[in-house]
Amino acid sequence: MTDAAMTDDVQTDAAARAIRDGRTALGIELGSTRIKACLVDADDPATVLAVGSHAWENRYEDGLWTYALDDVWSGLQAAYADLAADVQQRHGVTLETFGAIGVSAMMHGYLAFDEAGDLLAPFRTWRNTNTGAAAAELTEAFGVNIPLRWSIAHLHQVVLDGETHVPDIRFVTTLAGYVHWKLTGEKVLGVGDASGMFPIDSATADYDAELLSRYDAVAAGRLPVAHVAELLPDVRVAGAPAGELTAAGAALLDASGALRPGIGFCAPEGDAGTGMVATNAVAPRTGNVSAGTSIFAMVVLERPLERVHHELDLVTTPVGDTVAMVHCNNGASELAAWVGMFARFAQAAGTPFADDVVYETLFREALAGEADGGGLLAYNHLAGEPIAGLTEGRPLFVRTPDSRLTLANAIRAQLYGVFGTLALGMRVLDDEGVALDRMFAHGGMFRTAGVAQRFLAGALGAPVSVGDTASEGGAWGIAVLAAYARAVAETDASAEASGISLSTYLDDRVFADAAIVTAEPDPADVAGFATYLDRYRAGLAVEAAAVSAL
C-alpha cells in the first residue's frame, strides 16, 4: 500500500470515529431554492465530512410569496436523508448523533402562531413588498430604516390592514426560528436573525428597548398583548446555548428513526449571519457578498452612520455588532434562466452539457466582452426591488440600435445585472465614508474561478476574495456556529468569559489554513462598470414604465 493510500485510510478512519462519537457539528440551511445540510468535524470545522441537499421553490399565491410548511418538513427530511446517505457512502457509518446542531434560513418574513402553536396565515417571505405603508410609518417613528421585508413591518402591516388573525397572534418568528422551535421546543433566535425582525441595540445585543416602547405606543390597542416583545423570540448571541433536540424533533428531522435526542443547538441564525461566518467577515472593516436568489452585501461598521438611508438596513453580526446591509430581492435567478436557455440549445443540438459546464463556458466567454457590456442592459428583477423603487418584478434585457449584441457582451451584461442594484446601495456606503479592508464573496456563481469575482471587484472598486468553502455557503456557516457553541460549552463558561471570541475562533480554528483567492479591481472593469451603472440607473425608467403598463 502506498503512503498516500495509507494516509487516506487513516483520515477516513478518523472521520468515521468522529461521526460515531458525535464529535461533529451539523448545519442545516433553508435557502430560497435549496435546503442544504453540511456535516463538519467539530474539532476542525474547516473539514467537511458530508453534505446533503433538497431542491424546493417558493409559491406565489394570492399575491404573496410563500412556502408551505409541509414542504419545510418534507424538504428537511429529504436533505437530512441525502446527508445520511453521503455519510454512509463516504464513511460507512449510520448517523445517530452529533456534537451540535444549528439551523439557518432566509431572514425576515412573517410566521405568526396562536396560543396552540398553529399557523395563523401562510408564511410570508422576504420577497413580499406589500408592507410599504407599515415600513414607512415605522421608519418615521423609529428614526431608523425599517425595510419592507422585516418581520416588524409585516406584523404592523397586518395590524394596519385589520387582518382577522391579529387578535389570535401569540408568537411571531422567522423561518429559522420556527424550525428551531419545533426541533427543540425553544422560542429563541440568534441576534443576527433577530435584527431582521426588530432593531437591535448592539450595546445589549437585544431588541432596542426604546424602540420597543415606541412601537407599543404606535400599536396601542391594536395588538392582542400590551407589549410587542411578548410576541418575539428571545435573543441569543453566538456561543450561547439554545436548547436540545427533543424526541419529537428527532423524528421530524430523521424519518428513519436512527437519530437520538439530547443534542445541543446553537442559536438559529439568518442567511446573512451564516454568510458572514462562512466568509470570516465578522470584524469591523470586513464585509461579504452573498449571491443566490437574492444578493446582499454586509459591511461591519466601525461607527454609526450619519443619516438614515432607505438603501441600507442596520442588522448585526452573530455576536451583535452593527452591520450595514445592502439587500436586493433579486440575485442570480434571471442569470440562471439565461444559462438554462443555452443548456437547452446545446441539448436540442444533440450535444448536451452538464449545467456546470454551460455556466463555465458562458462565464469564460463574458471575459471577452466589452468593459461596459457593449451598451447592453440586463435587469434581473423577477420580484419587486425597493432599492430600485420597483414594487413588482419586470426582468428586462434592453439594447439600443447601436449596442453591440454579442454572446460575450450579453453574458457580461447579465452578470453585471446581478450586481446592478447592489452597486447602487454600495455607492451610499461610499458616500458615508465607510472603509473596507476586505470583501469576501460566496455563492454558486463564484464557483467559476476569476469571472463573477473579477466583475464584482470592478463593480465595488475593491478587492474581492473567494475561499475554498464558497460552494458550501450558509449551511457550512451555521455548522461552524454550532461547532463554536460546542467549543464554548466545553469551557463551562459564556463566550465572553471563556475568552473565545467568534472572530478569534474563526481566525485560529477555521480559516488559518484556508485557501483564499483575491481579485484586485481591474481599472478597465471599474470604468466599464461605472458606465454600465450610469446607463442602468437611467434605464430604471424603462423598468418603472413596464411595471405601470403590465
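## Basis of the model

The model is predicted: local features need pLDDT of at least 70, side-chain atom pairs count only at pLDDT 80 or more, and totals for chains, interfaces and linings use all residues. Residues are numbered from 1 along each chain as its sequence is written, and side-chain values use heavy atoms, with hydrogens and water left out.

Helices (H or I, at least four residues) and strands (E, at least two) are DSSP runs, numbered from the N terminus. Two strands pair if DSSP finds at least two bridges between them.

## The seven-stranded sheet

Seven strands form an open sheet with mixed pairing, in the order S16-S17-S15-S14-S20-S21-S22. Its edge strands, each pairing on one side only, are S16 and strand S22 (516-519). From one strand to the next the twist averages 30°; axes are lines fitted to C-alpha atoms, for helices over the stretch in contact, and angles run from 0 to 180 degrees between N-to-C directions.

Thr 316 is opposite Thr 322 in S17. The two strands make a hairpin with five residues between them, and Gly 320 in the turn has a positive phi of about 105°. S17 also runs antiparallel to strand S15 (residues 295-300), joined by six bridges; Val 299 has Ala 324 in S17 as its bridge partner.

## Helices on the sheet and Thr 286

Helix H9 (residues 271-278) lies across strand S14 (286-291), S15, S16, S17 and strand S20 (438-442), at about 65° to S15. Helix H13 (residues 452-460) also packs on the sheet, where it touches S14, S20, strand S21 (464-467) and S22, and its direction makes about 150° with that of S21.

Thr 286 is in strand S14. This residue is buried (under 20% relative accessible area; exposed is over 50%, partly exposed in between; 1.4 Å probe, protein chains only), with a relative accessible area of 4%. Apart from neighbours within four places in sequence, Thr 286 is in contact with Ala 281, Met 298, Val 299, Val 300, Leu 436 and Arg 438, contact meaning heavy atoms within 4.5 Å.

## The five-stranded sheet

Another open sheet has five strands in the order S3-S2-S1-S6-S13, with mixed pairing. Strand S3 (44-55) and strand S13 (269-270) are its edge strands. S1 and strand S6 (residues 100-105) run parallel and are joined by six bridges, and Leu 26 has Ile 101 in S6 as its bridge partner.

## Nonpolar cores

A nonpolar core is a set of buried Ala, Val, Leu, Ile, Met, Phe, Trp, Tyr and Cys residues joined through side-chain atoms within 4.5 Å. The largest has 69 residues, and those touching the most other members include Ile 152, Phe 198 and Leu 506. Helix H14 (residues 473-490) gives the most to this core, with 12 residues. A second, separate core of 59 residues includes Ala 378, Met 439, Ala 462 and Tyr 536.

## The largest pocket

The largest pocket holds about 1,100 Å³ of space. Of its 43 lining residues, Thr 33, Ala 291, Gly 292, Thr 293 and Gly 444 lie nearest its centre. H11 gives the most to the lining, with five residues.

On a 1 Å grid over the protein atoms alone, a pocket is an open set of points where a 1.4 Å probe fits, with protein on both sides within 12 Å along at least five of seven lines; lining residues have an atom within 4 Å of a point. Grid points are joined across faces, edges and corners, and a volume is the space filled by probe spheres set on the points.
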